[in-house]
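Q: Could you walk me through this one? I'd like to start with the overall make-up and then go into some details.

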Amino acid sequence: MLDFNQNYFEIFGLPEKFDIDKAALEKRFRELQAQYHPDRFINGDDAEKRLALQTTGFINEAHETLLSSRLRARYLLKLKGVDLDDETDTTHDGAFLMHQMEIREALEDVKNATDPLARIDDIAQEISGEADALKDDFIEKLEAGNLDAAKEDVLKMKFYERLCQESKQLTEKLEDELF
Amino acid sequence: MALLQISEPGMSTAPHEHRLAAGIDLGTTNSLVASVRSGTAEVLEDENGQALLPSVVRYLENGDVIVGQQAKAAQLDDIENTIASVKRLMGRGISDLKTLGGNLPYTFAEGDMAVPQIKTVAGNVTAIEVSAEILKALKERAEKALGGELKGVVITVPAYFDDAQRQATKDAARLANLNVFRLLNEPTAAAVAYGLDQKEDLDERIIAVYDLGGGTFDISILKLNKGVFEVMATGGDSALGGDDFDHVIAEWILQQSGSQQSHHALAEARRVKEALSDNEQVDVQLEDWQGSISRNDFNQMVEPLVKKTLLACRRALRDAGLNKNQVHDVVMVGGSTRMPVVREKVGDFFGKPPLVDIDPDKVVAIGAALQADVLAGNKPDEEMLLLDVIPLSLGLETYGGLVEKVIARNTTIPITRAQEFTTFKDNQTAMTIHLLQGERETVEENRSLAKFSLKGIPPMVAGAARIKVTFKVDADGLLTVEAEEQTTGVKAGVEVKPSYGLTDNEIEGMIRESMENAQADMEARKLREQKVEADRTLEALDSAMAADADKILSPDEVATLQKAAAQLQHIKESSDNADEVKAAIKNMEKAAEFYVARRMDDNVKTAMAGHNVSDFSDTTE
């Protein structure tokens, strides 16, 4: 039986840090699935089936968390005792919010560009560059023990996650229209 | 030989006990059932050697249900009572009917059920009940072919199916009295059929499954690593399939011929499309119009449809974070992939010839049968494990009609995720939570799965209550939701009303009704049998009396016997109760006992010729 008291890094046998070995994560993930998946307990009793469902649910949640850089960062903070609430916590960095609005406006203007697909590719690249810089900053703050600043970075990551989604959706929409 | 059999948890079957299991491809146009027999998976055929069961169900006025080829043949003559392509209605609501092509030939009943009910001469039926009839026919075919009861089945569904559609499929199986081991995505089944999981030349394979069926198109990108399948991305179009190719040609035929005979044009279009797979040029005919179409003409006409599928391929690859040359295998599924233009364009797109060796109509059922065999525990050493992802994001309605995603699409299942909510008014004791599935931002653009009423929240100031809503998606991709108020530990009451499904009560009702119907059927059969028996008894008496009544019976005795016969005749004609008829037969036999005894005497032996004693003994068994 899987020990539910382990933290997500322990489950996958990974060191507790932001940069992770994704290949090792995937390998261990498959091993755990092969062992605990409900398909292995089709002919088992109800208790076994329930446990299998719970265990794989837990493994999958841990896997999803470690795969996403924002969720992984948030989880690292949680392990250090800093909890944050997606509903109520938000950044108050005015300059950052202004910059976010600028990017949004740029996305809205894409449709007016002479080559909308090229324009959206440029913006998407800018967004991912800034998101990467934010990750580097988070690692630095976390290692320095500056948890408040690290938390601020995680809150900002959510904005970039949204921007990435929106630029992706916009790309799909543009491609659909071109077809 | 091992002295000790160490069984894995959940694998507690006795060694060598083969459990009967089958894979079912419940398709829009055709359905199939396959099973593993002596180590190989094969599609099970009906008594006429047909593997494909047309997914068509016809309801007759006397309550009989006809499934398959015979129903399909009657489609044009009895379109209102002959339900085809019902898969498109699975898990759909009444409001969806307009968007489902708009040309459904059925009449829908007004009712208080959340799902549309089709009016037939035999009463109203839902898509779930129609699908259950198809499943019953397949179950019967399998149990006949395998010689025993099925322990369980794997039923395939399009990767794109949302929660309501998956639930509807499982409900149909429940009505058909089938134990579902697992709902399996069709593309995953296809990859299994090709045994790609058994290949060891690569550490990791990327497989694209291109499934162009009669009514749906699915593209799935799978990753395979040491016997573990992962669905990396899914995409497609739930309203694009071979039927649309038929419609394109049918429109061309109608335009060229000036005819209005759209049904006949469609039938001709289908024939032409199939003929063009083997011929470069095909003659076309409709009423007195004659024309001709080349494969090139055809390819040009349908190119936009093929392009549409390739666009979805592009998107799925992007979702998977891959480019097309990273794909190792392309698997072709669905009868429509027989079209050379489809094979060619898909090959061009992925830069490699697609796999077409297994009949594209059967490949999904074969894969499902292989998986069913493993799940039944017939292959304890088998490593195969299929991991699936949730095809569409799950979320909740928030302020302003927006949707907050709780579980993103392509998340590996099973998964459990909790989210906390709070009250926004002082002393608020109830809360409505609206569950949605889809990728869009607003409520209207997503599929409504259910509305929850959370009651019994303790009165508190606004924002103080902490309501934890837990989403659980099981390995079949089915969702259950629980809610609990955290600060007081009070478990809030949850009422689920599925937006597009059937409630448990409705399902129970249908099962009960079908059992009652079975009971009624049995009653009717018993009654018919007894009436036949009564006829036989009366005839036997008649012929016996015709032979010797004047010799061995007094006129009074003849009158007694005639009276008894008339009574039986009357009851036979007027009664609808088998037991009553049976009793009447007994009465008449009793009245005739003396006559039978007298005929046994030596002096009437000759008159007995041609008759058997049993004619007048207890013939009611």
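A: Helices (H or I, at least four residues) and strands (E, at least two) are DSSP runs, numbered from the N terminus. On that basis chain B has 13 helices and 28 strands. This is a predicted model, in which local features need pLDDT of at least 70 and side-chain atom pairs count only at pLDDT 80 or more, while totals for chains, interfaces and linings use all residues. Residues are numbered from 1 along each chain as its sequence is written, and chains are lettered from A and ligands numbered from 1 in the order in which they are written.

Q: How are the chains divided into domains?
A: Domain bounds come from an automatic or database domain assignment. For chain B this gives domain 1 (21–194 + 360–382), domain 2 (198–357), domain 3 (394–503) and domain 4 (519–615), and for chain A it gives domain 1 (8–67) and domain 2 (94–178).

Q: And how far apart are the centres of domain 2 and domain 4 of chain B?
A: Taken over C-alpha atoms, those centres are separated by 68 Å; in chain A, the C-alpha centres of domain 1 and domain 2 lie 31 Å apart.

Q: Which parts of chain B touch chain A?
A: Counting two residues as in contact if their C-beta atoms, placed from the backbone, lie within 7 Å, the contact takes 29 residues from chain B and 21 residues from chain A. On the chain B side, β12 (180–185), α7 (295–320), β19 (385–389), β22 (412–413) and β23 (415–421) each supply at least two residues.

Q: Switching topic, what share of chain B is buried?
A: Buried residues make up 42% of the 621 residues in chain B. A residue is buried if 20 or more other C-beta atoms lie within 10 Å of its own, exposed if 12 or fewer, and partly exposed in between, with C-beta atoms placed from the backbone.

Q: Which residues touch the most other members of the largest nonpolar core?
A: They are B:Val153 and B:Val331, in a core of 175 residues; such a core is a set of buried Ala, Val, Leu, Ile, Met, Phe, Trp, Tyr and Cys residues joined through C-beta atoms within 7 Å. Helix α9 (residues 363–375) of chain B gives the largest share of this core, 10 residues. Leaving aside neighbours within four places in sequence, the contacts of B:Val153 include B:Ile24, B:Leu178, B:Phe181 and B:Ala372.

Q: Is helix α3 of chain B enclosed or exposed?
A: Helix α3(B) is largely enclosed by the rest of the structure, because 12 of its 13 residues are buried, among them B:Asp163, B:Arg166 and B:Leu175. Just after α3(B), B:Asn177 takes a positive phi of about 65°.

Q: Last one: what does strand β5 of chain B pair with?
A: Strands pair if DSSP finds at least two bridges between them, and β5(B) (residues 56–59) runs antiparallel to β7(B) (residues 82–84), joined by 3 bridges, with B:Val56 opposite B:Ala84. β5(B) also pairs in the antiparallel sense with β6(B) (residues 65–67) over 3 bridges, where B:Ile66 is the bridge partner of B:Arg58.
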